[in-house]
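Subject: Structure for your review

Dear colleague,

Please find the structure below, handed over for your own work. My findings follow it.

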Amino acid sequence: MERRFRLLEARKYLLERKIERQIRLLEQKRDGIGKKIEEQIRNFERKRGSRKKAIPLDDEVRFIRSWIERPLTIGAVTPSSKILARTMARYVDPNSDGPVVELGPGTGPVTEALMEAGIAPSRLVLVEFNPAFCRILRSRYPEATLVEGDAYSLRRLLEALLLQPAAAVVSGLPLVTKPIRQRLRLIRDALDLMVPGAPFVQFTYSVAAPLPRRLGNFSVESSERIWMNIPPARVWVYRKTDAR
Ligand SMILES: C[S@@+](CC[C@H](N)C(=O)[O-])C[C@H]1O[C@@H](n2cnc3c(N)ncnc32)[C@H](O)[C@@H]1O
């Protein structure tokens with residue numbers, strides 16, 4: 001029995017080492033690809049810079065850079081398309097009262113769509129934790145309230161800041177990279193910060209809902225699949241169904 005146990009332990013040890021080696025190889029590959037892209041971006045910037053004054057990087061490049069550094073927290077290689085951003089914004093009633101909270105605005109495609117849909121920038125509360133994106137958001141949307149912090153601590157971040165219940169929470173967070181319990185806490189906290197019946201709007205690239213309806217006192221609806229986005233996405237809307 002003891003011999004068998006030792007044998008199993010040895011096998012487990014070898015397997016763990018093998019997995020670690022494979023992870024290291026994958027990380028090296030990813031870093032190699034990242035460095036190549038970075039080099040190409042620099043070459044491109046140098047060429048443009050020698051002809052003109054330095055040009056601002058466009059949002060795609062900033063996004064790719066951030067994704068290379070932290071793929072799981074950025075959750076996408078490019079910003080959302082206009083169609084996806086507009087679909088999300090359509091779920092927010094421009095005639096509603098109160099702040100509109102956006103989680104993970106990135107470089108601002110959904111922020112832009114919300115404003116286009118008639119939400120005044122002064123109503124927007126943007127929660128973003130990537131400092132480079134925060135700098136862009138601050139300069140593009142000076143009238144909006146920017147909260148530089150972790151959206152998964154929503155209650156702590158916003159409870160004192162919101163002077164009235166929010167009219168909507170619109171999220172671009174890569175929610176499905178988080179465990180179910182954390183997703184559930186975020187959606188519950190968001191619903192608690194809003195007026196009854198207000199929407200929590202989330203996009204995902206997955207076919208399944210980020211949180212099944214049976215897990216809480218909320219309804220779930222979804223948009224059609226939006227093919228004009230990389231990758232194709234779907235918008236999910238959660239609303240509180242009764243008081244808890
Ligand atoms: C998939 S990108 C979406 C960006 C933008 N909304 C769009 O549609 O292009 C996810 C965004 O969420 C931000 N993010 C990820 N985790 C976050 C967190 N815990 N708190 C705040 N922002 C977060 C990332 O920095 C990134 O800007």
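A residue is called buried here if 20 or more other C-beta atoms lie within 10 Å of its own, exposed if 12 or fewer, and partly exposed in between, with C-beta atoms placed from the backbone. Helices (H or I, at least four residues) and strands (E, at least two) are DSSP runs, numbered from the N terminus. The model is a predicted one: local features need pLDDT of at least 70 and side-chain atom pairs count only at pLDDT 80 or more, while totals for chains, interfaces and linings use all residues. Residue numbers start from 1 along each chain as its sequence is written.

Helix α5

Because 6 of its 8 residues are buried, α5 is largely enclosed by the rest of the structure. The buried residues are Pro 109, Val 110, Thr 111, Ala 113, Leu 114 and Met 115. Their cover includes α4 (82-90), β1, β2 and β4, where contact requires C-beta atoms, placed from the backbone, to lie within 7 Å. After α5 comes Gly 118, which has a positive phi near 105°.

The sheet

Seven strands form an open sheet with mixed pairing, in the order β3-β2-β1-β4-β5-β7-β6; two strands pair if DSSP finds at least two bridges between them. At the edges are β3 (145-148) and β6 (218-222), each of which pairs on one side only. On average, neighbouring strands of this sheet are turned by 20° against each other, direction ignored. Helix α5 (residues 109-116) packs on the sheet and touches β1 (100-103), β2 (124-128) and β4, its direction making about 160° with that of β1. Axes are lines fitted to C-alpha atoms, for helices over the stretch in contact, and angles run from 0 to 180 degrees between N-to-C directions.

The strands β2 and β3 run parallel and are joined by 4 bridges, with Val 147 in β3 as the bridge partner of Val 127. Between β2 and β3 the chain passes through helix α6 (residues 131-140) in a right-handed β-α-β crossover, that is, with the strands pointing away from the viewer, the path from the first strand over the helix to the second runs clockwise. Also parallel are β4 (residues 168-171) and β5 (residues 200-204), joined by 3 bridges; Val 170 has Val 201 in β5 as its bridge partner.

The pairing of β5 with β7 is antiparallel, over 5 bridges, and Gln 202 stands opposite Trp 236 in β7. Strands β6 and β7 likewise run antiparallel, with 5 bridges. Since 5 of the 7 residues of β7 are buried, β7 is largely enclosed by the rest of the structure.

Ser 222 belongs to strand β6. It is partly exposed because 14 other C-beta atoms lie within 10 Å. Not counting residues up to four places away in sequence, Ser 222 touches Ala 209, Arg 234, Val 235 and Trp 236.

The ligand

Around the ligand are 22 residues, of which Ser 80, Gly 104, Gly 106, Ala 151 and Gly 172 come nearest; a residue is near if its C-beta atom, placed from the backbone, lies within 6 Å. At least two residues of this shell come from each of α3 (71-74), α5 and β2.

Yours sincerely

Note on methods:
Two residues are in contact if their C-beta atoms, placed from the backbone, lie within 7 Å.
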